[in-house]
Amino acid sequence: MHRLGSWRYHFNVSSKPLLNPSSLLSFNPDCAFSSFLDLTENVFNLASLKQIHSFLTASGIINRNSHLGAQIIIKYAKFGDYNSARSVFDTVHGDKPNSFLWNTMIRAYANGGYLIKTLELYSFMRKSGISPNNYTFPFVLKVCASKSLIIEGKVVHGDAIRTGFDLDLYVEAALVDMYAKCGQTDDSFKIFDKMSVRDLVCWTAMITAYDQAEQPHRALQLFRNLQLEGVLADGVAIVSVASAVGQLGHAMRSKTVHAFAICNRFLKDVSVGNAIIAMYAKCGNVSNARLVFDLMEIRDGISWNSMLSGYSQNGQANEALLLFEEMLDSGFKPNPVTMLIMVSACAYLGSQHLGRKLHDFIIDKNIKIDATLHNALVDMYAKCGDLDTATSMFNDIHPREKNVSSWNVLISGYCMHGYGKEALNLFSEMLQAGVKPDHITFTSLLSACSHAGLIDEGRKCFADMEKHSVMPQAKHYACMVDMLGRAGLLRDAFDMVQQMPIPQNDAVWGALLLACRIHGDTELGETAARSLFQVEPEHAGYYVLMSNIYAASNRWQEVGKLREYMKGRGLKKPSAFSVIELGKEVHGFHAADRVNPYWQEVYRKVDSLVVEMKMVGYMPDLTCVLHDVEKEDKEQILSYHSEKLAVAFGIMKIDGELPIQVTNNLRICNDCHSAFKFVSFVYRRKVVVRDANRFHHFQDGACSCNDYW
């Protein structure tokens, strides 16, 4: 009321209605204009603004000065009333055609996120003969950048060139940002490189563009150039730099970026803290990521999701589950992204109980299940051994809503369980539904053919890739080498490696080395190993695989040399570990485990199992023991493999009507595979083992893989 009284005092307006003609004749509008500007600056609610607008319209003052009209437009936009703002524009702009009011209205639409209205008004401006200027282009380009409208952005760029404003500093900066956000990094850099003056915003836009285009080396080179030119980076730039370092997985650089953020006090910004967490996680340094997380004064949902994702991506699913519980206890509400991460963690663990519990949680909390989360749940159930539920959930998706990822996860599920023909049939359904396959589709199909021994079908799938506009990548060649190698066609597999039109990677040579291990080809194995050790010299698994080939050939001297070489380089063989669920509990076993509280009871059960299996024909496969020891010692080593301990525990504790399901982190050995067939026959139990590559369903003395894995 005080402000309203002040207004009346200055303009001698009576308490009668504002539109009273007699009250409009008592003041000089031109002398009062500056006071009206002051008045509009101090309006704090929409009702007062409308009252002022009504007075100015009735008095005709608003039509006499475009600056006053612009102020009213800006105020309406601030209060979110864009219709009234446009009404003022439509009323005022016609009397004095200039770019000022047009720019004001365009800016209001652009800042309010009104994409279509901004572009329509810009088009109307051009058609009206009003020339855009250096105040117009940045806001129109901002809108094009926000939705990656590259065609419209190029049209605006052309207008800027024709009007001579393309070299204006602010227009150049907007063009760099627009091309960068539209993914046109080359065009963006051309403009950036020619700029006479570059501010931090331009540097950051360019660094971010390269980061998002998965060109981390160029992003980091630009950051170095920024520092050489004496420009001080801010938190926004550090977010992109951290992301680029994360893409490279460079552990040393990650610590440098973290130190830079600390020295410049950027970690007070939660977005910078989140970026540092994600960077460390991608570099495999989860402990440092957790340290940053724990030291954050303020956390948001992205902070929790970044840390959860870091655990999940680095195979620490148990830690992810513990942190999820901590998140719930702290009062943060999980969102669909959180649940996507947790579903992935459950899939990694292969825990049906936790998977169902998490699915129930999502439903109970009314968390939106979009297509991505639905597909993740299908994938989780398949990886937890419940292919029936996975298939049912896939069938529940409306045909129009099944995207390529929906089909891919179930094809992959069939592949993991060894159902090659079912995977191929589903692929045919996918094509009939009009869904275009992608590179992931063919990776799953070729893997399915490999695991099921479908050589001709696999060759056809590989040949058909080009027909579906999918160029074979190294991973597809690796699948083909794996398929041919498993089938004993080692020469064909080697020829395919030699004739690849793209560089061979460790996956291709690794597939060939595994085939040599399966079929005992030491000579070709050595050829594959030499190439592998050059491409991936720090991968312990490949040295172990070659050591296994030597051990199977009783070449213990070479085995010893490889082990000494690994020891000298600090490489360690991954320890075997198997887990089994008992109700709501998860029990884990290492090989020759003496830590599990049930180990003595389990050992006795294993010993009795071996006796019973031998009575019906089981013979331990001593070639699976990779140590030069006596026969009795070899049998004992085999008996206490982690998956055997887990299965024995399952026989002891799990109801006889229920299947025994074990998850193992390594590929199941020949002896365990043979033993579990005997277990399923002797005890009339279904045993399901998920190893590093696939599922094995043992029942009535046979395995679903048909001894082909």
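Predicted model: local features only at pLDDT ≥ 70, side-chain atom pairs only at ≥ 80, totals over all residues.
**Stop 1: the hairpin**

Select residues 577–582. This is strand β1. Zoom in on Ile580: its bridge partner in β2 is His587. Next, look at the turn. Two residues sit between β1 and β2, and the strands form a hairpin. Pick Gly583 in this turn; its phi is positive, at about 65°.

**Stop 2: the largest cavity**

How many cavities of 30 Å³ or more does a search of the whole structure find? It finds two. Start with the largest, which holds about 60 Å³ of space.

Show helices α34 (599–615), α36 (642–653) and α37 (670–682). Each supplies at least two residues of this cavity's lining. Which of them gives the most? α34 does, with four residues.

Now select the lining itself: Val606, Leu609, Val610, Met613, Lys644, Val647, Ala648, Ala675, Phe676 and Val679. Color these residues by type. Nine are nonpolar, none is polar and one is charged.

**Stop 3: the second largest cavity**

Move on to the second largest cavity, with a volume of about 30 Å³. Select Val610, Tyr618, Pro620, Glu635, Ser639 and Lys644, which line this cavity. Color them by type as before. Here you get three nonpolar residues, one polar and two charged.

Conventions
Residues numbered from 1 in each chain as written. Heavy atoms only, no water. Pairing = 2+ DSSP bridges. 1 Å grid on protein atoms, 1.4 Å probe; cavity = no way out; pocket = protein on both sides within 12 Å on 5 of 7 lines; lining within 4 Å. Points joined across faces, edges and corners; volume = space filled by probe spheres on them. Nonpolar A, V, L, I, M, F, W, Y, C, P; charged D, E, K, R; others polar.
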